[in-house]
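Subject: A structure for you to explore

Hi there,

Here is the structure I promised to pass on. Have a look around it first, and then read on for what I found.

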Amino acid sequence: KIENATLKAELGNASWKLLHTMMAKFPDKPTDEDSAALKSYIHLFARLYPCGDCARHFQKILQKFPPQVATRSTAAAWACHVHNEVNKRLKKPIFDCSNIGDFYDCGCAEDPVEGKE
Ligand code: FAD
């Protein structure tokens, strides 16, 4: 089967959007279980990413830059960094990670807090 670059790019775009938005919503003060879940999600994402060639390269990047899951800001900075590693390989512009905090928004309302509406 021949490669369809448009579909491959769309998949990448959608996948990065989900990944970065998850980081933006990750707790500031995660429990050990939250951090373990994110770490495992990232490793499974890298393993199961549908473009096999991309998955192989991304797993190498993860070996070099293990997921940082201690807080929201370390997780977001880590994801920005590894996306830039992919950008470098594909000769795409490098994203300024100092802006990452404001860039991704799930568009969802705040989760209800126990005891409040
Ligand atoms: P994308 O890279 O998809 O980025 C989407 C948007 O995110 C950009 O427009 C920008 O606004 C923002 N952005 C850019 N850089 C960052 C950053 N560092 N942090 C946060 N936001 C940023 N394609 C291949 O051809 N070969 C591969 O080996 C390959 N490996 C991939 C591995 C993974 C894990 C993923 C998710 C995708 C991979 N892709 C690969 C797809 C590739 O990364 C792009 O998604 C695709 O080429 C479309 O590029 P784009 O220009 O739309 O921007």
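Let's begin with a single residue. Cys54 is partly exposed, because 18 other C-beta atoms lie within 10 Å of its own, and a residue needs 20 or more to count as buried. You will find Cys54 in helix α3. If you look for Ser98, which is 44 residues away from Cys54 along the chain, the C-alpha atoms of the two are separated by 26 Å. Please keep in mind that this is a predicted model.

Now zoom out to the whole protein. How many helices and strands does the protein have? There are five helices and zero strands, so reading along the sequence gives the pattern α-α-α-α-α. The C-alpha trace spans about 55 × 30 × 30 Å along its principal axes. Of the 117 residues, 10% are buried. Taking contacts between residues at least 6 apart in sequence, 52% join residues at least 24 apart.

Next, the ligand. It has 21 residues around it, and those that come nearest are Ala9, Gly12, Cys54, His83 and Phe95. Two or more residues of this shell come from each of α1 (5-25), α3 (52-64) and α4 (72-89). Which element gives the largest share of the shell? That is α1, with seven residues. By class, the shell has 10 nonpolar, eight polar and three charged residues.

Two of these helices also meet each other. In general, a pair of packed helices is described by the angle between their axes and the distance between those axes. Here, the axes of α1 and α4 come within 8 Å and cross at roughly 160°. Angles over 145 degrees count as roughly antiparallel, which means that α1 is roughly antiparallel to α4. On the α1 side, the contact is made by Trp16, Leu19, His20, Met23 and Ala24, and on the α4 side by Arg72, Ala75, Ala76, Ala79 and His83. Sorted by class, this contact has seven nonpolar residues, two polar and one charged.

Finally, take a look at the largest nonpolar core. Its seven residues are Met23, Phe26, Val69, Ala75, Ala76, Ala79 and Cys80. Helix α4 gives the most to this core, with four residues. Leaving aside residues up to four places away in sequence, Cys80 touches Phe95, Cys97 and Ile100.

Happy exploring, and write back with any questions!

Best wishes

Notes. Residues are numbered from 1 along each chain as its sequence is written. This is a predicted model: local features need pLDDT of at least 70, side-chain atom pairs count only at pLDDT 80 or more; totals for chains, interfaces and linings use all residues. A residue is near a molecule or strand if its C-beta atom, placed from the backbone, lies within 6 Å of it. Ala, Val, Leu, Ile, Met, Phe, Trp, Tyr, Cys and Pro count as nonpolar, Asp, Glu, Lys and Arg as charged, and the others, Gly among them, as polar. Axes are lines fitted to C-alpha atoms, for helices over the stretch in contact, and angles run from 0 to 180 degrees between N-to-C directions. Angles under 35 degrees count as roughly parallel, over 145 as roughly antiparallel, 65 to 115 as roughly perpendicular and the rest as oblique. Two residues are in contact if their C-beta atoms, placed from the backbone, lie within 7 Å. A nonpolar core is a set of buried Ala, Val, Leu, Ile, Met, Phe, Trp, Tyr and Cys residues joined through C-beta atoms within 7 Å. A residue is buried if 20 or more other C-beta atoms lie within 10 Å of its own, exposed if 12 or fewer, and partly exposed in between; C-beta atoms are placed from the backbone.
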